[in-house]
Amino acid sequence: MADAISAPNPSGGFWHRLANPARFQRLSAALMPWLVAATVGLFAAGLYYGLYASPIDYQQKDTVRIMYVHVPAAWLAMASYSTLAIAGFVLLVWRHPLADVAGAAAAPIGAGFTFMALVTGAVWGQPTWGTWWVWDARLTSVLILFFLFLGYIAIRNAFDERERAAKAAAILALVGAVNLPVIKFSVEWWNTLHQPASISRIGAPAIHPDMLRPLLLMAGAYLCLFAVLLLLRMRLELARRSVEALQLARAGAAQP
Amino acid sequence: MTAPAFVIEDLACRRGGRVLFQGVELELAPGGAALVVGRNGAGKSSLLRVVAGLIPPLAGRVLWRGVDTRRTPESYREAMRYVGHADGLQTALTVAENLAYWARLSGAPDDPDALDRALAAVGLAELAALPARLLSAGQRRRLALARPIASRADDGGVWLLDEPTVALDRPSIALIEAAIAEFRADGGIVLASTNAPLTLPGAVRLDVSEFQLATAG
Amino acid sequence: MRGFTATLRRDLLIARREGGEALLAVIFFVLGTVLFPLGVGPEAKLLAAVAAGLIWVMALLASLLALDRLFQADWRDGALELMALAPEPLTLVVAAKCLAHWLVTGLPMALAAPLMALLLNLPAAGWPTLIAALLLGGPALSLIGAVCAALIVGARRGGVLMTLLALPLYIPTLIFGAGAVQAAIGGYDASGHLALMAATTLASAALCPWAAAAALRQAME
């Protein structure tokens, strides 16, 4: 029966052998318990240090603790978009069959992290600045990143033909990745133009080493969470495509 | 000089998750022709599009004068003319303006006589100044076919014609067949897909259905 | 290069023959700008404060209007395939189409800008910079928009989707352009902004036709 996902490259190295869906499912299933354990562990450690065992900021007191939730979320939002861009590059240059699956899986996760960064940023801003939203450089950049994710998801859904959707999304991710530094630069430029005096980043305190530990722990936790969610969604997507392939084969065989 | 000018090697194509055909082989010398047949949906159009270079092949390659057309497409594109299902007409321009643009884009030297001759060859000479939107379906098809005629190189070339005679009446078909014959006499190579009547003397018959995977029982 | 000039002439000829379409972007530009005093009140100082940004936002939106037509008609007629198969690199053909698009929409908008400035009470100090910025930045809008138009060619609801894709990418142009005008009004030197604007346009001219051509080829596969 024709393998409708794709024939792995016969001369393939490690990555192409991984492209076999069944092998990927086995590997990811084996990896999953470790990743989940790491996620839980890192969250526990990070939250402990972040919410209890780290110093409070002189000005912001306890509200600075939101930083431990907000900043890693913003980092992961960027990392997720990088995943989209890398997946797009791999799809276009090497036509690796899993690249498209990875991109489709990562996009909503990235949008989720971005949204969380925005919400926690707002929650952080409220007690500090007295308002739920402030147009500072980082929050604005994260907001624009959110729209880039929405655009990626939208273009995926705009085409009936999956291959076309995958390639268009891949190019968009690369275009966005190239533009992202330019956008961030221009937003910071804009910010300095309009807020010359005040702090341009929401309460960016000098990072004390005791603050660095929970920050990195939480970042690690988010990264593992991202990996868990990504693998889960990829497995789901591959299973869905297998079902589709079976249906397609049945329809093809039934033709007179 | 016996090396065939145009070679299709082991060509395979996949569309929408299905392998349409594989192992297609063809060799044509200057003046040769091939008639691509097969039932609807078999992959005739896809074959021509892969040969033209619009779709990357799943496997295999197309060689023009010994050169892989995907690796170095430049010389191929100068010699190859493709007429697909769509006519490629810009409705706001006149018949002559449409033809002139395509001729220029194909790299043909600016030669109003060549354009006039091409229009005459397909029977559209009197309509040269007409806006293209006023043409009938048959006239549009003929204008599309005038494109390769207008930008003919002197040392042959390849014409890829996808269902060229759709919507044409018998006299028009005869005109097209005459133009094709003249092209072949000058060393041109023609691949045409068709289910309608089209006479290509001495053409190789390429049935796409013969190159498909056996369907699973 | 013959293909470049041939495509440029062809697109300009089509725009002239089809007439109304090109004018629509400019009309939208003017009409949309007129809405703001109606919305926020005609107080002169208020309008003057927001004029630079408003005019630029309207320029972005008006640019988008004409963009999905850039490739759509040629896609539908099968002309795009022929352009991809021509000996002339598709990148150059796309560049020619972008230039034609700017000449037909961006350039008239830059020329209409003084009218906008008048309606919104933009201080006189900002007028030359406004025109210069629109002239410098307009091509960037056409170029970046072309990439987005190429990505969604043939998609359903392409027009709205293209807006979502293009607007985030337009933000640097908006910031540099509006910033230039505001600097000029404030009496500061706008040349830094204009230089950044010019750099954006040059980078777009170098990269966007190639990216759009790649997107078009993917669409035809």
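This is a short tour of a predicted model, stop by stop.

**Stop 1: chain A, two domains.** Colour chain A by domain. Domain 1 takes in 32–55 + 210–230, and domain 2 covers 69–196. Their C-alpha centres sit 22 Å apart. Now select where the two domains of chain A meet. Domain 1 puts 8 residues into this contact, and domain 2 puts in 9. What classes of residue does domain 1 bring to the side that touches domain 2? That side has 8 nonpolar residues, no polar and no charged.

Stop 2: Next, zoom in on Asn179(A). H6(A) has a kink of about 35 degrees there.

**Stop 3: chain C against chain A.** Show both chains and select the residues in contact. Chain C contributes 21 residues and chain A contributes 22. Which helices of chain C each supply at least two residues to this side? They are helix H7 (127–151), helix H8 (158–185) and helix H9 (191–220). H8(C) gives the most, with 10 residues. Colour the chain C side by class: 17 residues are nonpolar, 2 polar and 2 charged.

**Stop 4**

**Stop 5: a glycine in chain B.** Select Gly43(B). This residue is in the loop between strand S3 (33–37) and helix H1 (44–52) of chain B. Is Gly43(B) buried or exposed? Gly43(B) counts as buried because it has 24 C-beta neighbours inside 10 Å, and the cut-off for buried is 20 or more. Next, show what Gly43(B) touches. Leaving out residues up to four places away in sequence, the contacts are Cys13(B), Leu20(B), Phe21(B), Gly38(B) and Val208(B). Finish with a distance. Draw a line from the C-alpha atom of Gly43(B) to that of Ser209(B): the separation is 8.1 Å, for residues 166 apart along the chain.

Note on methods. Residues are numbered from 1 along each chain as its sequence is written. Chains are lettered from A and ligands numbered from 1 in the order in which they are written. This is a predicted model: local features need pLDDT of at least 70, side-chain atom pairs count only at pLDDT 80 or more; totals for chains, interfaces and linings use all residues. Two residues are in contact if their C-beta atoms, placed from the backbone, lie within 7 Å. Helices (H or I, at least four residues) and strands (E, at least two) are DSSP runs, numbered from the N terminus. Ala, Val, Leu, Ile, Met, Phe, Trp, Tyr, Cys and Pro count as nonpolar, Asp, Glu, Lys and Arg as charged, and the others, Gly among them, as polar. A residue is buried if 20 or more other C-beta atoms lie within 10 Å of its own, exposed if 12 or fewer, and partly exposed in between; C-beta atoms are placed from the backbone. The bend at a residue is the angle between axes fitted to the seven residues ending there and the seven starting there. Domain bounds come from an automatic or database domain assignment.
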